[in-house]
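Open the model in your viewer and get ready to select. We will go stop by stop.

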Amino acid sequence: MINVFSQLQMQAGKSLGGLCLDPQNASPGPFVLGNGDFFIEIPAAYGCSYSDLTITGAMGTAMPDASELIDKAIETGVESRMCTALKVACYYLEAGLVRKPDMIITSNSCCDSMDTLGNLMNTYKPWAEVPKFIMDAPHSFDEESYIYMGKQLRQAVTFMEDVFGRKMDWDRLREVCVLSNKQDQLLLEFQELKKAVPCPANPDFSRLGFAYDRWTGERISPQITDWLEQLISATEQRVKDKLGIEGITEKVRFLWQELAGTWPPVELWGRLQQELGAIVIMDYMSFGTLTPIDLTSEEAMFTSFGKRFLLEDPMNRQCLHTTDFFCNDILQIVKDFKCDAVIIPAHIGNRDTNSRLKVVREMCREKGIPCLVLGMDIWDKRYMTPETAFDRIKTFFETTGLI
Amino acid sequence: MKSGIKSDSFEKFTVIAGSIMNPSVQECKDGGRKVLGYTCSFVPEELIIAAGMLPFRIRATDSESAGRADDYFESANICSLIRHTFGKVLNSEYDFIDGAIVGGGCDGNRHILDNWEKSPAKIAFLDRLFIPHASNNLTAEFFLGQLSGLKSRIEGYFGVTITDEKLWSAIRLCNEVRELQRELYGLRLSDNPPITGSETVAVIVAGSSMPKEEYRDDLKKLLRELQEVQVPEKKYSARIMIVGPGHDDTSMSDIVEELGGLVVNDLTCFGGKVIFGSVKEDGSDPLKALADYQVLTRPFCPKNLSAHPVINKEVFDKSKEFKVDGVIGQVFLCCETWGGEIFILNKELRDAGIPLLRIERECTADSTGQLRTRVQAFIETISGGAL
Ligand code: SF4
Ligand code: SF4
């Protein structure tokens, strides 16, 4: 019998499949294309489809022909060490495989790779006449920066209105935000439930929920509220029953300090759980503080969009800010989620993480947190194979006495 | 290649460009003037000059190894300019500066500050300046706010007052210097210029490593000398433009010029990008004039998503004006910022029939040796025959 967790996983997984190239190209309505995570409530309320070419590229790395695709991406001649998800996105673009958008919105967030993709999109000859809007994500997290980012998002709305000749329905935007706040609240509730020892449900549901909620075609629909409520009620029941993840004897809880990537959850995390009882209690796509959107005024709404853009988008949170900010997050997660260790994939192409390794290692040493740095590509398993990653993690847990 | 310039000023520039600490800086220090380092050309030197200090562009001149910096920056993923520059910091070669401002350009550059703060290489004043990634009135306004904050922090820490008068005076001085530097560049419009590309790099690098007034006077002298010199007739096989990030070493121009070519122009952070345009002198707010200049007039960094059309135009304009036969896009390994830009530029130059050679290299001078064959083949191809 299929249990509720498997059902939920299938439902979200099916929807996430829609982020691949072909379904993206087939999505209806005016089509806005970005290089990153645009503030999703806006297109949802405006009623246009929005696609993030980075995510489409990332999904490409999970296709059966991923290796071939990545090689083709390298052959285009873009910087060879750039993030592989972005390389594939660049390839899709350069090969003429992406549907021509009606509007392009780009920003520098979250990392240097994003700039390359953004620049490529903005200068792509066949799209020369497509209207383009560029945003500047500052590397700061204070009120002034949130207001600044909010103002740009507000300008983006005006730009959309001009391009499409149709006004934003502000009541609809509020409705979407109310729904979005509710869903974020549910995601946070699931995070709370994950704190229980043993962890009651596969912690990866946070990541799945986040992606389902924010990136898929169903984004911010009541269907997702329903999905999240089912997840929470099933998880609460397991907490009450003091049950851990089905079939797993939990031994180690660790922070995967990076996005999940495409192959690790499928080919590494499952094996770690099954064979070692080691669970990724938190990864960087799951982690978000998700403060509610302030609906008291239009200005307040956009400032909170700005704040969430800079601080709560997973990639922006890990990349845009200072090393101290990054380290504080690690410590907070380790404390709140009772992590026994931190694993830093040190994904190639993530210049931010790769510029912080010594500081993070030293901090972990000082605090007595076992820490392993891998040096892998979270989108290309040929760089460090799942077997090698598994062996290294296993040896690390053994030498630190965690298993 | 050497043109055989006989000039005290030029000799002085060469010495200054070839090392980090130099006699002019020492003289300043001895006279009690403070030195403020900066890592990116978006940091306005004018602000530092108006604070009564000497701006010094932090660079990695002559570095052979990144040394301990590789503990901080993963060597396989971070560009060598960052690693070697920070290596110099850790090696105490920047101990003479009284403070540093880190420009928040690319990801690696931003983290120089974080790592510096945590490293044993302590420095009293360490600050950052965020660089906008789009060019419009809103981003220029935000950058103005950043500059204003930085100004206050400099004033507070060093106990100085940066008045508008001092800022306008620094702006005039730097504008004058940029104009003279452009005049120097203009000499290579001719078929047989009195100065080579390699030599020009040294002159420009020296400009960010010594007091501006002294530099201006020496540069004026050099220009006079160059205008009077009798240049022996030479035939160059190809006129080359170099585009890319901040190369302060002359190794690539050296190779081009040893192979019979001539580097006639460049768009790099130690060249064409810093001498571009002028800060407007007619407004009421000098800080706003600086912000507008950096964000709206010369947004040459590809970290800025509005930059490409400006970079593109400049490369095309200069290629035409300086009769460029081919462009060398020179990128440091792992630099996505310029890697992406050169990729785009290559497509556009190709469409326009201008050949581009893309070179990826480490930032050490000896890394160019192995590229010689490629440069030679490029020059042969564009000059239409064997050298
Ligand atoms: S943040 Fe990481 S995963 Fe995202 S694009 Fe940058 S390098 Fe790739
Ligand atoms: S060369 Fe590229 S990666 Fe290196 S400092 Fe410059 S912009 Fe950054």
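Start with ligand 2: the space it takes is the largest cavity. A cavity is a set of points, on a 1 Å grid over the protein atoms alone, where a 1.4 Å probe fits but cannot get out. A molecule sits in one if more than half of its atoms lie within 2 Å of its grid points.

This is a predicted model: local features need pLDDT of at least 70, side-chain atom pairs count only at pLDDT 80 or more, and totals for chains, interfaces and linings use all residues. Residues are numbered from 1 along each chain as its sequence is written, chains are lettered from A and ligands numbered from 1 in the order written, and side-chain values use heavy atoms, without hydrogens and water.

Now select what surrounds ligand 2: B:Cys79, B:Ile82, B:Cys106, B:Pro245, B:Phe332 and B:Cys335. Each has a heavy atom within 4 Å of the ligand.

Next, go to ligand 1. Its surroundings include A:Cys83, A:Cys110, A:Cys111, A:His347 and A:Trp379. A:Cys83 is buried too, at 9%.

How many disulfides are there over all chains? The count is zero, taking a disulfide as two cysteine sulfur atoms within 2.5 Å.

Move on to the rings. Select A:Phe5, A:Phe190, A:Phe205, A:Tyr212 and A:Trp227: they form one aromatic cluster. Rings of Phe, Tyr and Trp (its six-membered ring) pair if their centres lie within 6.5 Å.

Last stop: A:Lys195. Its charged end sits over the ring of A:Phe337, 5.3 Å from the centre. That takes NZ of Lys or CZ of Arg within 6 Å of the ring centre and within 35 degrees of the ring normal.

Note on methods. On a 1 Å grid over the protein atoms alone, a cavity is a set of points where a 1.4 Å probe fits but cannot get out, and a pocket is an open set with protein on both sides within 12 Å along at least five of seven lines; lining residues have an atom within 4 Å of a point. Buried means under 20% relative accessible area, exposed over 50%, partly exposed in between (1.4 Å probe, protein chains only). Rings of Phe, Tyr and Trp (its six-membered ring) pair if their centres lie within 6.5 Å; planes under 30 degrees apart count as stacked, over 60 as edge-to-face and the rest as tilted.
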